[in-house]
Amino acid sequence: MILLYLTDILSEQYRVVITIFVVLLFPILFKLSRRLLDKVTQGKIDTHRQLRAELLLKMITAMLLLCLLLVFWGIELKGLLVLGSSLFAMLGVALFAGWSLLSNLTSFLLMFIQNYCRVGNWVRIIDGANHVEGCIVEMGLMNVVLRNLEGHRVIYPNNLFVTRPVLVLCDEPKKPKTPTTKRVLGPK
């Protein structure tokens, strides 16, 4: 009798049951993806970068589970195709368009995974005949903050930091000496 009653409730309210299941599944999937992220990263990373990457990972997991829930709640296949193609186009822009803000977020994930440049490293970013040199103070979601030899802060976008050659310097570079000009009074 009770089993029959439960099957009647489940057959009528299967969407609610699946929604509850997906909500309970979220922390488990997040922990699994966090473990995978920890295995992929090499070496020790600072806690600030770890927290930002986990936040981005949590948002991606939540979006995927939300799309799964939309399927079970009866969104038409045509609507999902439009959503999927939009997400695919957005991902393409994020990965390949250098002018996009999303490319900075994608570049942050690449920098997080490769983990060659860390906070405290002195780097030289080469951009053609010019270069930017400084100590990495912060690696954020959108940009890298450098402190140059004069003490000024240089804010460099992540997508340029990933696509330009970066030299990781062993030691702090020496401040170049400016030649002193002698003042000559009168004609020679």
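Tutor: Start with pairing: two strands pair if DSSP finds at least two bridges between them. Helices (H or I, at least four residues) and strands (E, at least two) are DSSP runs, numbered from the N terminus. This is a predicted model: local features need pLDDT of at least 70, side-chain atom pairs count only at pLDDT 80 or more, and totals for chains, interfaces and linings use all residues. Residues are numbered from 1 along each chain as its sequence is written, and side-chain values use heavy atoms, with hydrogens and water left out.

Student: How many bridges join strand β3 to strand β4?

Tutor: Five, between β3 (residues 143-147) and β4 (residues 153-157), and the two strands run antiparallel. Asn143 stands opposite Pro157 in β4. The two strands form a hairpin with five residues between them. In the turn, Gly151 has a positive phi of about 95°.

Student: What makes an aromatic pair?

Tutor: Rings of Phe, Tyr and Trp (its six-membered ring) pair if their centres lie within 6.5 Å; planes under 30 degrees apart count as stacked, over 60 as edge-to-face and the rest as tilted. That rule gives one aromatic pair here. The ring centres of Phe26 and Phe30 are 6.4 Å apart and their planes are at 15°, so the pair is stacked.

Student: Where do Phe26 and Phe30 lie?

Tutor: Both are in helix α2 (residues 14-40), four residues apart, about one turn of the helix. An α-helix has 3.6 residues a turn, so residues three or four places apart point the same way.

Student: Is Phe30 buried or exposed?

Tutor: Buried means under 20% relative accessible area, exposed over 50%, partly exposed in between (1.4 Å probe, protein chains only). Phe30, at 10%, counts as buried. Phe26, at 22%, counts as partly exposed.

Student: What sits over the ring of Phe30?

Tutor: A charge sits over a ring if NZ of Lys or CZ of Arg is within 6 Å of the ring centre and within 35 degrees of the ring normal. Here the charged end of Lys58 does so, 4.9 Å from the centre of the Phe30 ring.

Student: How many salt bridges does the structure hold?

Tutor: A salt bridge is a side-chain nitrogen of Lys or Arg within 4 Å of a carboxyl oxygen of Asp or Glu. The structure holds three. In one, the side chains of Glu54 and Arg34 meet at 3.3 Å, N to O. Glu54 lies in helix α3 (residues 47-72) and Arg34 in helix α2, so the pair ties together parts that are 20 residues apart in sequence. Glu54 is buried at 12%.
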